Amino acid sequence: MYSAILFDLDGTLTDSAPGIMHGFEYAIKQMGKEIPGREQLRTFVGPPLEDSFGRVLGYSEDDTWKAIAIYRDYYNNMGGALENSVFPGIEELLSRLKQSGKKLAVATSKNEKPTGIVLEHFGLDKYFDVVAASNDTDRRTKADVIRYALEKLSVTDKSEVIMVGDRHHDISAAKETGVDSVGVLWGYGDRDELEDAGATYVVESKWEIMALATGDGFRLRQLKEEDDSILAAIIRDNLKKRNLDIPGTVYFDEGLDHLSSYYGRDNCRYFVLEDRGGNVVGGIGYETFAPMQDTAELQKLYLDDAAKGAGLGYVLISFIEDRMRDAGYKYSYLETHDNLETALHIYEKSGYIEIARPPEVGHGAMNRFYKKEL
């Protein structure tokens, strides 16, 4: 479990590529140099400016600092910082982490002024105990920034700290400073880059970060055949304890013992939750709900008793909703039962609105129905 989480800014909290790329185009044009292609410009999102202009583009030291000054003028004073947007789910993640008592910090290679502009504009500043940004003196590298953040957070045990970022610079700097790292795949790096840099974890969803931070190392992954019997046992145990081991529930479905085959089709997915020891302790999935346009049905949210009470139900719901959005769905639908009181509470707290029983219901014993706009 981690008590302090450091977040990179560009490509991790916000999709800042448009403003950064336009800033580079503007600076390079003003310098009278040849503007590289969009693919190369995109690689400049995240790394220090000095590195991009100097090492990558080959500018002399004097030209590098001239170009940086022009870039910063565009970014800070001409609207570049606000050519930007917060990634979906980030604010909810930060809010949940804050509520759970975690210390949060921004640790970015971006200079202090634009960092402040972005965080304040999008209302993210309220979530952070410390904002650690780069400068041109004692915090010129990402490792310098992380050390500064740790100092300001008064961290004494680095094993309780994790650095979250989207590029190899974040991962390498975390290793250099002795903290664990999470490489995120919604930013500007890819899995190979992050794994080659030595990321402790590589995640697809914001909610895997929540699970890592609060659930003592819980991880989410796609369902495999070897998980089938374990997952079926968890589901049946939950239903039996709530007197739902009856016809019309999934308890008696023939396919319950072969869920990996069922969820291997194109219109559905299922993910299991593992504890630190690699044991499957729950899961959640979705499938296209044909009676409603642009709608996926949230399915089989179940946890082993040992994994309950840590807020992991919320993590699983937010995780699967991200997957639904990625697949192009606009709404999430679910069906449940009065006996599943804890689940009802979680669904309603997660923004699900109760609706009338649809004409087509998958399990006849279900008597509560909900829908949510994603």
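## The enclosed cavity

The largest cavity has a lining of 22 residues, and those nearest its centre are P48, L49, S109, K110 and N111. The largest share comes from α4, which supplies six residues.

The structure described here is a predicted model. Searching the whole of it for cavities of 30 Å³ or more turns up one. The space in the largest cavity amounts to about 280 Å³. By class, its lining residues are ten nonpolar, six polar and six charged.

## The largest pocket

Rolling a probe the size of a water molecule over the atoms shows where empty space is left. For the largest pocket, the volume is about 850 Å³. Its lining is made up of 39 residues, and K300, L301, Y302, L340 and Y347 are the ones nearest the centre.

At least two residues each come from the helices α11 (228-241), α12 (259-262), α13 (312-326) and α14 (341-349), and from the strands β10 (295-303) and β11 (331-336). Of these, β10 gives the most, with seven residues. The lining of the largest pocket divides into 18 nonpolar, 13 polar and eight charged residues.

## The second largest pocket

The second largest pocket holds about 240 Å³ of space. It is lined by 14 residues, with E204, E208, L220, R221 and Q222 lying nearest its centre. The strands β7 (219-222) and β8 (268-274), together with helix α13, each supply at least two of the lining residues. The most come from β7, which gives four.

Which classes of residue make up the lining of the second largest pocket? Eight of the residues are charged, five are nonpolar and one is polar.

## Nonpolar cores

The largest nonpolar core has 95 residues, and F7, F53, F128 and L298 are those with the most contacts inside it. Helix α13 provides the largest share of this core, eight residues. A further core lies apart from it and has 17 residues, including V130, I146, L150 and V179.

One of the residues with the most contacts inside the largest core is F53. Setting aside residues up to four places away in sequence, F53 touches F24, A27, I28, G58, Y59, T64, A67, I68 and Y71.

Is G54 buried or exposed? G54 has a relative accessible area of 19% and is therefore buried, the cut-off being under 20%.

With neighbours within four places in sequence left aside, the contacts of G54 are L49, Y59 and T64. Two of these residues, Y59 and T64, are also touched by F53, while L49 is among the residues nearest the centre of the largest cavity.

G54 and L344 are separated by 290 residues in sequence, and their C-alpha atoms are 56 Å apart in space.

Terms used: Residues are numbered from 1 along each chain as its sequence is written. This is a predicted model: local features need pLDDT of at least 70, side-chain atom pairs count only at pLDDT 80 or more; totals for chains, interfaces and linings use all residues. Side-chain values use heavy atoms; hydrogens and water are left out. On a 1 Å grid over the protein atoms alone, a cavity is a set of points where a 1.4 Å probe fits but cannot get out, and a pocket is an open set with protein on both sides within 12 Å along at least five of seven lines; lining residues have an atom within 4 Å of a point. Grid points are joined across faces, edges and corners, and a volume is the space filled by probe spheres set on the points. Ala, Val, Leu, Ile, Met, Phe, Trp, Tyr, Cys and Pro count as nonpolar, Asp, Glu, Lys and Arg as charged, and the others, Gly among them, as polar. A nonpolar core is a set of buried Ala, Val, Leu, Ile, Met, Phe, Trp, Tyr and Cys residues joined through side-chain atoms within 4.5 Å. Buried means under 20% relative accessible area, exposed over 50%, partly exposed in between (1.4 Å probe, protein chains only). Contact means heavy atoms within 4.5 Å.
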